Amino acid sequence: MSRPSVTPGASRLKFKTRVFTAIVVLSNVLGNFSLTYGMKRVGRLVSLSPLAYLEALFNPWVTLGVLLLILWTLSHMALLSWADLSYVLPVTAIGYVLVTLAGWAFLDEQISAARAAGIVLIVSGVALVGTTPLSTFRGTEKRR
Amino acid sequence: MRPEPPNPELLKWAIVAVIVTATTAGELLQALGMRHQGEIHDFRPDALGSVGAALVRDRYIIASFCAMAVSFFAFMSLVSVADLSFAVPATAASYVFETILAKYVLGEHVAWKRWAGASLVACGVALLSI
């Protein structure tokens, strides 16, 4: 008897991957946006002193950005517990497209012809990698 | 009073270099640590708590957090002197390095579709920073 092409385990994993990819992408885009919006209000910050950065954290937009980026880190870690890094990296790159669109919509940044072409290339690359298997590394089970 | 850096462009790209190096190291270490952990199945708070407790003792995860912290604070500096649509794409050079290291260090099977996809993404990201 031939095996079904999509096992229940595989479709569950695919669904879980889609949900976590969405969380990774959205928390990254919103986190970066919020952080930048806050940092523009804090002003120029290039320093080796941790105090200067801690002070910047009191800006509510910076705080929100940091919280979203913590969510991004945790969901990214969860995704890497079952999917390849070489899968996760390109697929989550769709976030760059959203960042560019958010910069255009909310921060008055321009989208040139080159940037529009960049968006098309990234979307094509993400679509291509999205068709590859989630994990190619044998031995993803817990090792002791 | 501190003197202003002589070349703001050079400063921006120096920060980018720090971010790319730290991000590449951080993500690679994170992938190694999570591979040790194995797939997370159970998302109930107590189960996640025990995963978290194991992760904070994993040397790869600890090292990855240190690298990510350097990357994060350097990124905060970068967005204070550059546009978001420069900052994010410019730091994406780490893609290329990470895909190469995923193959040779993590032992992932990077098929032609992944190379092509990663290359398209890298070119797209480069175009975004123009």
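The chat below goes through the helices and a few residues of a predicted model with chains A and B.

User: How many helices and strands does chain A have?
Analyst: Chain A has 6 helices and 0 strands. From the N terminus on, its elements read α-α-α-α-α-α.

User: What part of the contacts in chain A comes from residues 24 or more positions apart?
Analyst: Taking contacts with a separation of 6 or more, residues 24 or more positions apart account for 74% in chain A. In chain B the figure for such pairs is 74%.

User: Now H1(A) and H5(A). At what angle do they pack?
Analyst: Helix H1 (residues 8-42) and helix H5 (residues 94-106) of chain A pack at about 35 degrees, and their axes are 9 Å apart. The crossing is right-handed.

User: Which residues make that contact?
Analyst: H1(A) contributes Val25(A), Leu26(A), Val29(A) and Phe33(A). From H5(A) come Ile94(A), Gly95(A), Leu98(A), Val99(A) and Phe106(A).

User: How do they divide into nonpolar, polar and charged?
Analyst: The contact of H1(A) with H5(A) has 8 nonpolar residues, 1 polar and no charged.

User: Which residues is Gln30(B) in contact with?
Analyst: Setting aside neighbours within four places in sequence, Gln30(B) is in contact with Thr73(A), His76(A), Met77(A) and Leu80(A) from chain A, and with Ile61(B), Ser64(B), Phe65(B) and Met68(B) from chain B. Gln30(B) and Ala63(B) are 33 residues apart in sequence and 8.3 Å apart in space, C-alpha to C-alpha.

User: Let's move to H3(A). What does it reach from end to end?
Analyst: Helix H3 (residues 60-80) of chain A has 21 residues and reaches 30 Å from first C-alpha to last, close to the 30 Å expected at 1.5 Å a residue.

User: Which of its residues are buried?
Analyst: Among them are Val62(A), Leu69(A), Thr73(A), His76(A), Met77(A) and Leu80(A).

User: What do the buried residues of H3(A) pack against?
Analyst: In chain A, they pack against H1, helix H2 (50-56) and helix H4 (85-91). In chain B, they pack against helix H1 (8-37), helix H2 (45-55) and helix H3 (59-81).

User: Last one, H6(A). Which residues are buried there?
Analyst: Arg115(A), Gly118(A), Ile119(A), Ile122(A), Gly125(A), Val126(A) and Val129(A) are buried in H6(A). They cover an arc of only 135 degrees around the axis, so they lie on the same side of H6(A).

User: And which are exposed on the other side?
Analyst: Ala113(A) and Val120(A) are exposed on the other side of H6(A).

User: What span should H6(A) have?
Analyst: The 17 residues of helix H6 (residues 113-129) of chain A should span 24 Å at 1.5 Å a residue, and the end C-alpha atoms are 25 Å apart, which agrees.

Technical notes
Residues numbered from 1 in each chain as written. Chains lettered and ligands numbered in written order. Predicted model: local features only at pLDDT ≥ 70, side-chain atom pairs only at ≥ 80, totals over all residues. Heavy atoms only, no water. Axes fitted to C-alpha atoms, helices over the stretch in contact; angles between N-to-C directions. Helix = DSSP H or I, 4+ residues; strand = E, 2+ residues; numbered from the N terminus. Left-handed = near helix turned anticlockwise from the far one by under 90°. Contact = heavy atoms within 4.5 Å. Nonpolar A, V, L, I, M, F, W, Y, C, P; charged D, E, K, R; others polar. Expected span 1.5 Å × (residues − 1). Buried < 20%, exposed > 50% of the residue type's maximum accessible area, 1.4 Å probe, protein only. Arc of directions from axis to C-beta.
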